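Here's a quick briefing to read alongside the model. Have a look at the structure first, then go through the notes by topic.

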Amino acid sequence: MSNRRSRVSEEEINRLVSKLQSLLPETRQRGAGRASAAKLLKETCNYIRSLNRDVDDLSDRLSAIMATMDSSSAEAEMVRSLLRS
Amino acid sequence: MKSSTRNPNPNPDTPRFGPSKLMVAFRFLRALTLVHRTAPNSSNAARSRRIQRAAFASMAYSAGPRRAWSRALLWRLHFHRARRLCAGRSRAAGVPRRPSTTRSPADELRRLVPGGTGMDYCSLLEETADYIRCLSEQVKLMQSVVDSGGPRGR
């Protein structure tokens, strides 16, 4: 196995960069372009920030839903519908 | 406990959640139940913060110690929990909130991925890929819970 502390091949970096790009949603992939690694990293940062905002927003919504739940059967219902989906 | 291939639901479609995703789902729901039962009268904001912590916790626990980001998250969650118990101060763990100044894109990324600071470029790319995968799955999971818990919550 290659020693990461020594010279890492450009091939390896390119491979990882492409893998990362494929994980971005399509709209962000277009923004990143194919050539610039710096642009890809920026888009990745933006994507992570938007995911964090989603978690924040969904937590708020879950909290609001929870406020209206008054029995544990509602939780069972959530599990059941989650399994059905 | 590994799930068997036998699906209790007579649903011909491919289930949205495979075995490992199901584990994350159950962990998260268990954490939600705990939040619901232990603090039913807390404010929406406090509960929302606890839910957010539960989200990052279930993500990190399910990834386990095999990843630098999950180890960093778990450490951060425990550290913050200890501080909270001592100081009585509440903070949302797992979500770094710092003003961005002029930094290289790689350094910016290092601050966003747990455990990223001080990581070499190669490892950073690998960790980021895994982190993004898990984080986007967590968002999908939470969206499903919201979708299923909304209209029929009784």
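Let's start with the second largest pocket: α1 (19-38), α2 (44-63) and α3 of chain B each supply at least two residues of its lining. Keep in mind that this is a predicted model.

- The volume of the second largest pocket comes out at about 580 Å³.
- Its lining is made up of 16 residues, and those closest to the pocket centre are A31(B), L34(B), R53(B), A54(B) and A57(B).

**The largest nonpolar core**

- As background, nonpolar side chains in soluble globular proteins tend to be buried together.
- Here the largest nonpolar core has 52 residues, and F28(B) and Y131(B) are the ones that touch the most other members.
- The largest share belongs to α5(B), with 13 residues.

**Aromatic pairs**

- Searching the whole structure turns up two aromatic pairs over all chains.
- One of them is W75(B) with F79(B), a stacked pair with 4.9 Å centre to centre and 10° between the planes.
- Where do W75(B) and F79(B) lie? Both are in helix α3 (residues 68-87) of chain B, four residues apart, which is about one turn of the helix.
- W75(B) is exposed, because its relative accessible area is 57% and the cut-off for exposed is over 50%.
- F79(B), at 36% relative accessibility, counts as partly exposed.

**Cysteines**

- How many disulfides are there over all chains? The count comes to zero.
- A disulfide is a covalent bond between the sulfur atoms of two cysteines.
- For C122(B), the closest cysteine sulfur is in C45(A), 17 Å away, so the two are too far apart for a bond; the cut-off for a disulfide is within 2.5 Å.
- C134(B) is in no disulfide either, and its nearest cysteine sulfur, again that of C45(A), is 18 Å away.
- Is C122(B) buried or exposed? C122(B) counts as buried, because its relative accessibility is 3% and the cut-off for buried is under 20%.

How values were computed:
Residues are numbered from 1 along each chain as its sequence is written. Chains are lettered from A and ligands numbered from 1 in the order in which they are written. This is a predicted model: local features need pLDDT of at least 70, side-chain atom pairs count only at pLDDT 80 or more; totals for chains, interfaces and linings use all residues. Side-chain values use heavy atoms; hydrogens and water are left out. Rings of Phe, Tyr and Trp (its six-membered ring) pair if their centres lie within 6.5 Å; planes under 30 degrees apart count as stacked, over 60 as edge-to-face and the rest as tilted. Buried means under 20% relative accessible area, exposed over 50%, partly exposed in between (1.4 Å probe, protein chains only). On a 1 Å grid over the protein atoms alone, a cavity is a set of points where a 1.4 Å probe fits but cannot get out, and a pocket is an open set with protein on both sides within 12 Å along at least five of seven lines; lining residues have an atom within 4 Å of a point. Grid points are joined across faces, edges and corners, and a volume is the space filled by probe spheres set on the points. A nonpolar core is a set of buried Ala, Val, Leu, Ile, Met, Phe, Trp, Tyr and Cys residues joined through side-chain atoms within 4.5 Å.
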